[in-house]
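Here is a friendly walk through a two-chain model, written for reading beside the viewer. Please keep the sequence and the structure open as you go.

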Amino acid sequence: MLAVSRRLALLALVAMALFGIAACGDDDDSSSSSGSATTQEQPAGKKIKVGLVTDIGGLNDRSFNALANKGLQQGKSELGVDVRVITSKSNADYVPNLSTLAQQKYDLVIGVGFLMAEATETVANKFPNTKFAIIDVSQQGMKTKPKNVQGLLFKENEAGYLAGYLAGLYAKDNNINTVSTVGGQKIPPVDHYIAGFQAGAKAANSSIKTLNGYSQDFVDQAKCKELALSQIARGSGVVFQVAGQCGLGALDAAKQEGKQGIGVDADQAYLGSHVLTSATKKVDVAVFDSIKDAQADQFKAGTDRIFDVKTDGVGIGKISSAGAKYQADVDKIKAQIASGELTDIPDTVGGK
Amino acid sequence: MSVARQDFTERLWGSFKRPEGPEPSRRKAFAREHIPAWIAIALGFLAWLITLPPFLVRTWIPSLILGLIAFTLALSTLYGGEKRYGAWAMIAALGGTAGAYGATRSGVANLEAVVVWGALMAAMLRYATPLTFAALGGLVSERSGVVNIALEGMMLMGAFFAAWGADKSDSWLIGILVGVLSGMALASIHAVFAVSLRADQIVVGTALNFIALGLTGYLYVDIYGDQGTPDNLPQVPELKLPTDSLGFIGEAISNLNLLVWGSLLAVLLVWLYVFRTTRGLRLRAVGENPRAVETVGIDVFKIRYLAVIASGGLAALGGAFLSIGFVHSFGENMTAGRGFIALAAMIFGRWRPWATLGATLLFGFSSALAQRLPEFSEQAATLFQALPYVLTLIAVAGLVGRSTPPAADGVPYQRESG
């Protein structure tokens, strides 16, 4: 085939091309390096570097990861910080993604989701000078309790309770005797939502039946749609999706069958009139607040920060026209939770 | 093998010697010596069926009796030398009895919740449709002698471009057309490399899978960004039939997507074309002995090109069903390995259209069931998800008998010079 010299030249060309591509890969180091975490007090607006590592659901889940990114971009536009988002495609990506950001001397690295709890603990211990914030994970619950991590926790069961209460009221007036939930995986944040939802539905409508299922997947929409369809076939009139991007399939099933759906994390009312309401979780607020704190050197590492109805960290989204007449009732319950009058909302999904 | 070991295995299997006769793969499935085995399998199924809704027999005794009869028949089949049929009969007998026992021990409410035949059948068809299209595509390609591992990539292209086409043109029909064209385009690359350039067909197929994944992912993020595909994406309509009251089959077919029916039609058309027309005969001949076909004056390259491109179109149809027919949106890598399961279905079906349909329906049924089984045990939910893949393993491990591909499958054809 090619003469030896020509082959060597070709090889050298390919090698150079590869080096060139590799060199172009990283575009953040060239920005300013003034964002060191140990500088003295500077006027607000200092340019720190904030990185976000998303969960496997991806940025298109229109709920969890999308909200986190929204908070990040808000930080960029309002606070002027440098931001970067890395999406994780599988569980194996968590540690490499988090480490990449820490190695590049990011001031604040935010992990999104319960599934990356261990990864965050590992990387935080390896990079004690970088601040970490992790959503849905308790720093106090970590084995080594790293001092540079802040856990951002949400009382999803309160949001679920509000959504469930609305669902129960709607079901009572519309001759529906079953409501159902479609979970992604059986992890604490998901179960908090479901437990709260079931409790709220029973409080509004004591004879209501609840169904629950897990798709074991936060990504494949077809799985959640099948699950929702089988729940609807068993009589469910309201489907609460707690499955990120996969859950969009469940909402699609509700739309297709003419039933009501309830969104999660973000306000998913824009998806259509079939969305009765959404159980909202202000992940964007949590992310933005962390960035603001880090910028002002007030980041409280080594603790947990809890967002609940009282602090307006979780709540209920826009109620569609189908449920508009229950707005007052739901607001009343919300006030009761906020004031502490209504307590003991379960956060674990019990046996059948 | 050492002499001692050879002697041992001969004595072990000695009583199960296969009778003299033609090769097993050519003996008819329903030949006289196989009938006891089929009865045993039927009885095994029956034993389990009577404990399920709507019959719900609550004692184990009838099932046990049926199981024992099946077991005896299975034993006799094995002693008659039919190892494979005997094995399946034994599995059916034991499995049916065990399943019946499990069903009688489970709560009636659980059983009624899980075994809803109408919904199960509908879910089975929905899950099987993309598999059927892709498996048919693989079948057409492999019957012409070109191995097509890139079914997954072609499916993904079909899924994305069908969604994009439907979005841009506001019509699901054009969406399907665009999707099919994109699958064909990817397949044409496969054809060039596999047929003309005689590259290793598996390597080319794998590369195309990656290309499709990257291309669709990139275009998706580029065109649809963070918000994803629009919510008013044109959808392939459902075909509503007034058969709701005709038992569980009527219930199952009363509201199926057009493309689900399309997949069944495609099986019929592919079977008619490949096995009942002259051109189909040429296609199969090219897959078995291309040199002989060339001597008759038929262009082997052209037939292989057309077959591979057609396979791309078929696989893309499967993807189009996923995106605009079922989920009504596109997500990165939404096919999630279905193309490979379709390959297994094709092998399970021995490169024959109707058997392939049977295989995809089996996979669909196992998925539909696996999704409802967590009713019995939530802890084992993830385990049930493995059910379709376990079936795939059984299928390709050869428990369905020797699955012989077309003779010239995977071998690039080289025209003799001069």
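## Ground rules

Residues are numbered from 1 along each chain as its sequence is written, while chains are lettered from A and ligands numbered from 1 in the order in which they are written. This is a predicted model, in which local features need pLDDT of at least 70 and side-chain atom pairs count only at pLDDT 80 or more, whereas totals for chains, interfaces and linings use all residues.

## Confidence in chain A

The predictor gives each residue a confidence from 0 to 100, called pLDDT. Chain A has a mean pLDDT of 86, with 91% of its residues at 70 or more. Helices (H or I, at least four residues) and strands (E, at least two) are DSSP runs, numbered from the N terminus.

Take care with residues 25–43 of chain A, where pLDDT stays under 50 and the model has 15 contacts beyond four places in sequence. Two residues are in contact if their C-beta atoms, placed from the backbone, lie within 7 Å. Where pLDDT is low, the predicted coordinates should not be read in detail.

## The sheet and its helices

Chain A holds an open sheet of 6 strands with parallel pairing, in the order β2-β1-β3-β4-β5-β11. At its edges, β2 (82–86) and β11 (304–307) of chain A each pair on one side only. Two strands pair if DSSP finds at least two bridges between them. Strands β1 (residues 49–53) and β3 (residues 108–112) of chain A, for instance, are parallel and share 4 bridges; G51(A) is opposite V109(A) of β3(A).

Helix α2 (residues 64–79) of chain A lies across β1, β2, β3 and β4 (131–135) of chain A, at about 165° to β2(A). Angles run from 0 to 180 degrees between N-to-C directions, with axes fitted to C-alpha atoms, for helices over the stretch in contact.

## Where the chains meet

The contact takes 24 residues from chain A and 21 residues from chain B. On the chain A side, β7 (209–214), α7 (221–233) and α8 (244–257) each supply at least two residues, and α7(A) gives the most, with 7 residues.

## Domains of chain B

Chain B is divided into domain 1 (8–110) and domain 2 (117–399), with bounds from an automatic or database domain assignment. The C-alpha centres of these two domains of chain B lie 33 Å apart.
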